[in-house]
Amino acid sequence: MINSSKNGFTLAETLITLGIIGVVAAMTIPTLMSAYREKAVVNQLKRVYSVLNQAFKLAVVENDEIEGWDIGPQEDNLQSSQKLYLILKPHIKLSEDCGTKGCFSKNTYKALNGKSAFAWQPTTHSMYAKARLLDGTSLAFWSRGKCSDDGKCGVIFVDINGDTLPNQAGLDYFRFDITTKGIIPSTSATENNKYGKEICEYKNNSNQNGANCTRWVITKENLDYLRRDVSSQMSKL
């Protein structure tokens, strides 16, 4: 007797299987893409940190310790920022020297909450000297005029993907501090400056929130501050 039954799936079974696969894909692909983008931010910020740190070390070899550099006459002054930039410039491979314009998006940069305009806009503030790395990262240099008593001498704001969106502090816009000890990834301030407190805090609506997440990203290798309160851990970095 011949067995006429055949092994295989019916059309209904096939459609059900495809439906299940589609549901699983819809649930997992966004998570995988988000994790991929987050890892890209971590890796790019680490690369920028390496470039800036190496440039600082070479500038110290050439010009002695930063306390003796002419980076004045005062803070919030374009001439001071340009002096600081020109000392570091020979040790950084650049694709473009942007002066006071260009390199950054003309759109308003947002704070970490995605709503407030970030306090330190790279395009509307006129005291930054700007440049672009070969990989497209935009740099904005700011000088304090001289190193402060606590060893802070200046700031470098970076947009790790140039003028491409999202243009948001804590996502693609970050800050490094130039100090007597070297280039330091910024973290939440413990005290107010004359304009308030520069921070990295979950769901905080401050217009100074986000750029100081740099140390967290480089140390923890994630952007968990977007999803939960990491203040207690931030203070220990």
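Is cysteine 98 buried or exposed? In this predicted model, where local features need pLDDT of at least 70, side-chain atom pairs count only at pLDDT 80 or more, and totals for chains, interfaces and linings use all residues, cysteine 98 is buried, with a relative accessible area of 9%. Buried here means under 20% relative accessible area, exposed means over 50%, and partly exposed lies in between, with a 1.4 Å probe and protein chains only. Residues are numbered from 1 along each chain as its sequence is written, and side-chain values use heavy atoms, with hydrogens and water left out.

**Disulfides overall**
- A disulfide is a covalent bond between the sulfur atoms of two cysteines.
- The structure holds 3 disulfides, each counted as a pair of cysteine sulfur atoms within 2.5 Å.
- When the bonded cysteines of the protein are numbered in sequence order, the pairing reads 1-2, 3-4, 5-6.

**Cysteine 98 and cysteine 103**
- A disulfide joins these two residues, with an S to S distance of 1.5 Å, and cysteine 103 is buried at a relative accessible area of 4%.

**Cysteine 147 and cysteine 153**
- The sulfur atoms of this disulfide are 2.1 Å apart, and the torsion about the S-S bond is about 105 degrees, so the disulfide is right-handed.
- Cysteine 147 is buried, with a relative accessible area of 18%, and cysteine 153 also counts as buried, at 0% relative accessibility.

**Cysteine 200 and cysteine 213**
- These residues form a disulfide with sulfur atoms 1.9 Å apart, and the link is right-handed, with 100 degrees about the S-S bond.
- Cysteine 200 is buried, with a relative accessible area of 1%, and cysteine 213 is buried at 0%.
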